[in-house]
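Please read them with the structure open.

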Amino acid sequence: MKIGDYMQRDFRKVSPHTPLPGIARAFYETGQPALPVVRADGSLAGIIAIEDFILVFLPQYIDLVRSVDFIRDFGFLERTSYTIEERLLVAEDLMREEVFVLEETESVMKAAAALHKHRLQRIPVVGGGKLTGMISLNDVCRAIYDMEGRS
Amino acid sequence: MTVGTIAALAVFAAAYGFIISERIHRTKIAIMGGVLLVLFHVMTQAEAFSFIDFNTIGLLTGMMLMISVIKETGVFSWVAITIAKRTGGDGWKILLWFSIFTALASALLDNVTTVLLIAPITILIAEMLDIPPLPFLVAEILASNIGGTATLIGDPPNILIGSAADLSFLAFLVHLGPASIAVFAVTLLALRLLFRSRLSPGGAERERIIAGMDQSRVITDPALLRRSLIVLGLTIAGFLVHDLLGLKPATVALAGGGALLIWSGTDIEKRLEEIEWTTLFFFMGLFVLVGGLEKAGVLEWLAGAVLSATSDLFLLCMFIIWVSAIASAFLDNIPFVAAMIPLLARIGAALFPNAQGLDEAAYHAWQLQKTMPLWWSLALGACLGGNGTLVGASANVVIAGFSEKTRSPLNFRNYFRYGFPLMLVSIAVASVYIILRYLLPR
């Protein structure tokens, strides 16, 4: 069972120059937990995790307190416009560049092991130096069904 | 000079050099330095162990055990939120009361734990009010070091001095308490002048958000909180009377720590993990290193050199307080104080010999009375000196770390602008206190 047979080929990607509103929209429209950032030649530049994206809008000092349950009104974190720094941010600035990738020709169970070991939601799959798909635990489940469920 | 003296001096100088350079962790150096003295036959293993002051180690351990439980209770956040709500979001009042709370907590617990617990909630509240957190953080650094000066258990130099000179908890409170209050009052006044204009919140909306916080949510385990506060209260009561009961401070601290371990039903593995082993082993190694100097006769020679320069108590006190302050502003004050203690003990013995033929106990008490100004000068200089720079005390470094996550991070330069002049003022106030209370002829 090859990864290439089970991975998702239809998914949203962004370019390294996509600004914040474009990234937010790609996340909410697709429900994807991560967005691959792909260069013009189709190669993978990096990946933006939705958690990293949200952190742009959460001040760092939130990390310092153990809990925020005692705050009833979070109005102080709401704003109606992006700051100048945020207007300048693009996908390239938010993505993780060192990304674990898999080859289409590798076994689905390698994807399962890697997803589990690295605690990832999705792993980009490459073929011929280009991003060709994304594989998640759901895709692994489909492979397991093919393996056992049909018999 | 014998081979032993040379070896002791060489190991000591090398160890202090490495500790000051901060290239290798100070605890590694202290352990290795202590071991080298035994390896080179400067002292036997049994002698090395006998130099370790287990009263200091026990006191630190007992307090660490209690603190590791109190940390979990959320009481610091509770106090901070209550203060913020009561003051109605008034920036200056928040700074004032947070500083007072930090000073009180630092006097009873260790400074690092205090700031570890108070600084994050301070930053959050300042940001919620749209006030830059920097003034609050500077105030808390100063308050933690000033508060720690007031008691035997407030700051490691005091623990060392109290243990070595046999000064009680009550003695520290009675002698250093008034000095700390005076220094604190002057510091608060200076903070008001420096920061008042920068502390207005960002509007009524922000104040409403502060008023809406629910401090009951931060107390995760009310039963644990009650038990920890009862044990802490009893321990402090125990400290106040330890001398009367004929008990050492370490016994009181370990009693508190032990009682809370059992009563709180906490996991022992977790509590022991929270013990700061690096600190404890640093002290143990340091005691052996300083013991090496003592054994090699270096301290006697040094005491002789100081006394040949002056034997005037006034000059000695002023020299000790100012040198300790400047040294502690830039260097770790613990090894400095550890080396100063046996030196001062020798100077004290030479200045006030047993001329009247008193018996040992009576002479000891009389000499302690006479040498007290020296010890208080060392304590005030070393503890308050920590306020001089951002690296002057561990609490400063912790707060600087937190401030990285704010809009106005602290760095060596922007802290120095406030910290160093205020430290000099505090030492001036403390010097006047020493002169008025101990050195004026009566």
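1. **A nonpolar surface patch on chain B.** Start with B:Ile20, B:Trp322, B:Ile326, B:Phe330, B:Leu331, B:Val391, B:Val397, B:Phe412 and B:Leu424, which form a nonpolar patch on the surface. Together these residues have about 710 Å² of accessible area. Bear in mind that this is a predicted model.

2. **Where the patch comes from.** Two helices of chain B, H17 (313–330) and H21 (412–439), each supply at least two residues of the nonpolar patch. Which helix gives the most? H17(B) does, with three residues.

3. **The interface of chain A and chain B.** How many residues does the contact take from each chain? It takes 14 residues from chain A and 20 residues from chain B. The two chains bury about 1,700 Å² between them. Carbon and sulfur atoms account for 66% of that area.

4. Three residues stand out here: A:Tyr61, A:Leu64 and A:Phe70. They supply 42% of the area that chain A buries against chain B.

5. **Polar and charged pairs across the interface.** The rule finds two salt bridges between chain A and chain B. It also finds three residue pairs in polar contact across this interface, with both residues at pLDDT 80 or more. By class, the side of chain A that touches chain B has seven nonpolar, two polar and five charged residues.

6. **One salt bridge to inspect.** The side chains of B:Asp214 and A:Arg72 meet in a salt bridge, at 3.9 Å from N to O. The cut-off for a salt bridge is 4 Å. Over all chains, the structure holds 18 salt bridges. Why does the pair of B:Asp214 and A:Arg72 join two chains? B:Asp214 lies in the loop between helix H11 (204–211) and helix H12 (222–241) of chain B, and A:Arg72 lies in the loop between helix H3 (50–55) and helix H4 (84–88) of chain A, so the pair joins two chains.

7. **Chain A as a whole.** Chain A has seven helices and five strands. Along the sequence, they follow the pattern α-α-β-β-α-α-α-β-α-β-β-α. The C-alpha atoms of chain A fill a box of roughly 55 × 40 × 25 Å, taken along the principal axes.

How values were computed
Residues are numbered from 1 along each chain as its sequence is written. Chains are lettered from A and ligands numbered from 1 in the order in which they are written. This is a predicted model: local features need pLDDT of at least 70, side-chain atom pairs count only at pLDDT 80 or more; totals for chains, interfaces and linings use all residues. Side-chain values use heavy atoms; hydrogens and water are left out. Contact means heavy atoms within 4.5 Å. Buried area is the accessible area (1.4 Å probe) that two parts lose on being put together, summed over both. A polar contact is a pair of N or O atoms within 3.5 Å; within protein, one must be able to donate a hydrogen and the other to accept it, and residues adjacent in sequence count only if both atoms are side-chain atoms. Ala, Val, Leu, Ile, Met, Phe, Trp, Tyr, Cys and Pro count as nonpolar, Asp, Glu, Lys and Arg as charged, and the others, Gly among them, as polar. Patches are made of residues with over 30% relative accessible area and no salt bridge: like charges are joined within 9 Å, nonpolar side chains (Val, Leu, Ile, Met, Phe, Trp, Tyr) within 5 Å. Accessible areas come from the Shrake-Rupley method with a 1.4 Å probe; for residues, only the protein chains shown count as cover. Helices (H or I, at least four residues) and strands (E, at least two) are DSSP runs, numbered from the N terminus.
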